[in-house]
Amino acid sequence: MGSDDEWGWPERSLLGVLSAPARTELLGLGSELTLGTGDVMLTEGATDRHLYVILSGFAKVTATVENGQESLLAVRVGGDSVGEMAALDGAPRSAGVVACGPLRARVIGPGALHGLMMRRPEVAMALTRIVADRLRWANRRRLEFRGYPVKVRLARLLVEFAVGYGRPEPGGGHVIGFQLTQPELAALTGAAETTVHKGLRELRDEGLLGTGYRTTTVHDLVRLARAADLTEPLTPDPRRLRGSAEERP
């Protein structure tokens, strides 16, 4: 496991926002879990209350909709926490989490977590902020479903991934260290798979996007942001530029 100075964590993740002493204490709790592709980390409706902190790899957050089908809600990578809502309020799990490739995580029981939150209020504040951020993200996504065409929604999602988890490469591109299938992108953008396919093709034809083995590359983040109808500054966190989502320890 590399040091934080060597690898860094995504800026908005739990490990990225904590001070070094708090992060070290958090990672000293619980036990380490190793999963492979398709292994279940959390089960929707389960009553356990453990917090999981992903150290490496990435996972998909899913929930079952009214017709019984599974819908992709979000992606989590190294540095991110999962299961924080049940850890905080004790309610059943609102979603499931599945590993996508090799994954390592710390599993922290509710007693140990609550003790740490009492000793270090910054941990409690960080978890509260993460829950609020994710609620705000979900609300924004619902508004985008109604206010923007699919290509714009898709571009916005790719900008978020590039800024949040991308690794820059020579020439100004940003490599996203995980790849989602077209059905998964359709679920995240609230669109039909055929429409997502058309939007991806147009973005590739415009020279904004490229795909490879388990990666997606944003060739021009500024132009992609324009296609996404975004005006706010794009400020990738330099600490996460030293390893892809699947390389971080």
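Strand 11 (residues 209-212) and strand 12 (residues 215-218) pair in the antiparallel sense over four bridges; strands are DSSP runs of E with at least two residues, numbered from the N terminus, and two strands pair if DSSP finds at least two bridges between them. This is a predicted model, in which local features need pLDDT of at least 70, side-chain atom pairs count only at pLDDT 80 or more, and totals for chains, interfaces and linings use all residues. Residues are numbered from 1 along each chain as its sequence is written, and side-chain values use heavy atoms, without hydrogens and water.

Two residues lie between the strands of this hairpin, where Arg-214 has a positive phi near 60°. Strand 12 is also joined to strand 10 (residues 173-176), antiparallel, by three bridges. Val-218 in strand 12 stands opposite Leu-209 and opposite His-174.

The helices (DSSP runs of H or I, at least four residues) are listed below with their axes, lines fitted to C-alpha atoms over the stretch in contact, and angles from 0 to 180 degrees between N-to-C directions.

| Pair | Axes | Angle |
|---|---|---|
| Helix 7 (residues 150-165), helix 8 (residues 182-189) | 10 Å apart | about 100° |
| Helix 8, helix 9 (residues 193-205) | within 9 Å | roughly 100° |

Helix 7 is therefore roughly perpendicular to helix 8, a term for angles of 65 to 115 degrees. In their contact (heavy atoms within 4.5 Å), Arg-153, Leu-154, Leu-157 and Phe-161 of helix 7 meet Leu-185, Leu-188 and Thr-189 of helix 8.

Helix 8 is likewise roughly perpendicular to helix 9. Here Gln-182, Pro-183, Leu-185, Ala-186 and Thr-189 of helix 8 touch Glu-193, Val-196, His-197 and Leu-200 of helix 9.

How values were computed: Parallel < 35°, antiparallel > 145°, perpendicular 65-115°, else oblique.
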